[in-house]
There are 2 protein chains.
Amino acid sequence: MENIVFTGKINEELQQMLREIVEDDIFILVDTETYRYCLPLLPCLASVEKSHIIVVGSGEHHKSLESASEIWSVLSVQLAKRNSVLLNLGGGMITDLGGFSASCFKRGMRYINIPTTLLAQVDASIGGKTGIDFNGLKNEIGTFSQPEKVIVDPVFLTTLPERQFLSGFAEMIKHALLSGLDSLEELLHTTPLELSGAMPLERIEKSVNVKYQIVKNDPYEKGERKALNFGHTAGHAYESLAFLRGEKLYHGEAVAQGILFELYLSVQKEGFDKTLFSRVCKYISEIYPPQMSEINHYELYRLMTHDKKNEREGVNFTLLKAPGKFITDCYCSEEELLVFLESFQHIVWTGE
Amino acid sequence: MENIVFTGKINEELQQMLREIVEDDIFILVDTETYRYCLPLLPCLASVEKSHIIVVGSGEHHKSLESASEIWSVLSVQLAKRNSVLLNLGGGMITDLGGFSASCFKRGMRYINIPTTLLAQVDASIGGKTGIDFNGLKNEIGTFSQPEKVIVDPVFLTTLPERQFLSGFAEMIKHALLSGLDSLEELLHTTPLELSGAMPLERIEKSVNVKYQIVKNDPYEKGERKALNFGHTAGHAYESLAFLRGEKLYHGEAVAQGILFELYLSVQKEGFDKTLFSRVCKYISEIYPPQMSEINHYELYRLMTHDKKNEREGVNFTLLKAPGKFITDCYCSEEELLVFLESFQHIVWTGE
């Protein structure tokens, strides 16, 4: 794949890459966590000036306009140029925030993503979507902008907390569902925590490849790319709801819940196989036990209407006829949705 | 030209265009001035909801992150979608700010520029550069993003104050210099204030065409587009200096001064004809008498190094060998520049 490097030797890779760049022109974006746990794994960056290391707070609430503004201030004061390079070292929060900031600084400076979480490695850092949260909404402000390179090394996953690992695994579930029955069966026979700490590079590469192929055909999300939204229309609404309530729900946990609901919609509206749905439902429910307190369906619906891909009242989903057979722009009216949310909750709670 | 419409009947043009858009999805960005003087000239927009009219303060200091944030708030709260349309009705401040805001809202919503000043009509609203000022620097944050359409109608120029008209005229001077000797001679025989209030549409179209041809070949400013930077490396520095001092200097006034200095550099370094320089110098000096209080050359130099097109110490300029014969990336060291700034000031003040 073009600009994605899968490697077990990131220091060699980076050293090679940075050889042509004046040290003065390298900037590193980290959060407090990756500053502590990931930056020390990259001794090849030891010579970068301290004033060029930009540390923001960790956690989704720092994926904000305030953080972008802080980054722009450092870049501007330190005289970063268009062909200076910003290295985004972190999870999806950092690659989204850093990518957005870089894409707008002087109308676009160079940047390289070094994703350090499973979520960022298989999803967030790939595909050229950048963004910050705004008005309580995920990625409300952002750009389409391709990093010059993405370097994926599983070394960072070894220190990743279990819950964060599972959050990333949700996107691998999505990719398996979008890929086809073989991938799905392989997935359903995988116990994710057995991979934690020793994720095979090929497994990541295979998952990324599902996304990469789709994005290549439709970088600006005019059509096919909406497939990747599977699980995310509902997922983002769950996530926003948790955010507004101050409850801690990881992106992948929200997406896992979103996948379940949208797969349920797929059964109801597109004839997705019921038995297969039950197996996936059981698999996901065991990995991701329900986290959120009681959910108001109308509130959830309102949050879904904020989704960027919507073009009229009601909500458009990507649904599946079968594993690997997706249909974008499946329209659900408000009435329909409220009924499905009700019956879905019943199924999830009772297993029937 | 593709997406630029030159018309004397903007209401008909707009009505046609807006026919396919749901009224709910139209947003209008104005400043306090264009709200008062320009919006009433567009009765075809009378049915747009009041809550969808976004008014920001007028003046360059409102081309800020705070204004962008205000615009995003309205768009978000009013549930604007990706295929909603933002109409930017105003001068370069509004088309830059509105273009930037639109290009980042949900990673890019549709927008149309309706430039209402001469400056915006011949320059700012064309070519897909958007931006806001940041850290005291012009367009430090921005994107490359093409408006869906630009509609140019001289009707708005009839109420334009003289000083603003002349500010726009500076870009027409630049275009004439970049175009060739014929255009330059035509210009030198033009008394701008005679055109004020009755600017012929063909004259605007001809000037825009110079920019359009260059941008078409190099939209992301990798090479040829830097030609359009002629007069602007120094011009932006003059403008930033005035801004930092709280002195009122219009963009075009700063650019006129920048053109003079860079034409002087062209004489010194690239053999631009001295006699022609003297004629242009006399022409420009009569239209734009010096506005700024005493200038510290080192301060000016520092501001030039902030220019986005620079890639090493010293400053790169676009210079002219002759009218129409531009050379990009002409390097001037700090020492050289400080000497030229000194001798240039002497010439401008003494006319020798």
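**Salt bridges and burial in a predicted model**

Biologist: Why is K63(B) called buried in this predicted model?

Modeller: K63(B) has a relative accessibility of 2%. Buried means under 20%, so K63(B) counts as buried.

Biologist: What makes K63(B) and E60(B) a salt bridge?

Modeller: The closest N and O atoms of K63(B) and E60(B) are 3.9 Å apart. A salt bridge requires a Lys or Arg side-chain nitrogen within 4 Å of an Asp or Glu carboxyl oxygen, and therefore the pair qualifies.

Biologist: Why is E60(B) called partly exposed?

Modeller: The relative accessibility of E60(B) is 26%. Buried is under 20% and exposed is over 50%, so E60(B) counts as partly exposed.

Biologist: Which residue forms a salt bridge with D133(B)?

Modeller: The partner is K63(B), with the closest N and O atoms 4.0 Å apart. D133(B) lies in strand β6 and K63(B) in the loop between β3 and α3 of chain B, so the pair ties together parts that are 70 residues apart in sequence. Both D133(B) and K63(B) are buried.

Biologist: What makes S240(B) count as buried?

Modeller: S240(B), in helix α10 of chain B, has 5% relative accessibility. The limit for buried is under 20%, so S240(B) counts as buried. Leaving aside residues up to four places away in sequence, S240(B) touches G136(B), K138(B) and L303(B).

Biologist: Why is E49(A) called partly exposed?

Modeller: E49(A) has a relative accessible area of 37%.

How values were computed: Residues are numbered from 1 along each chain as its sequence is written. Chains are lettered from A and ligands numbered from 1 in the order in which they are written. This is a predicted model: local features need pLDDT of at least 70, side-chain atom pairs count only at pLDDT 80 or more; totals for chains, interfaces and linings use all residues. Side-chain values use heavy atoms; hydrogens and water are left out. Buried means under 20% relative accessible area, exposed over 50%, partly exposed in between (1.4 Å probe, protein chains only). Helices (H or I, at least four residues) and strands (E, at least two) are DSSP runs, numbered from the N terminus. Contact means heavy atoms within 4.5 Å.
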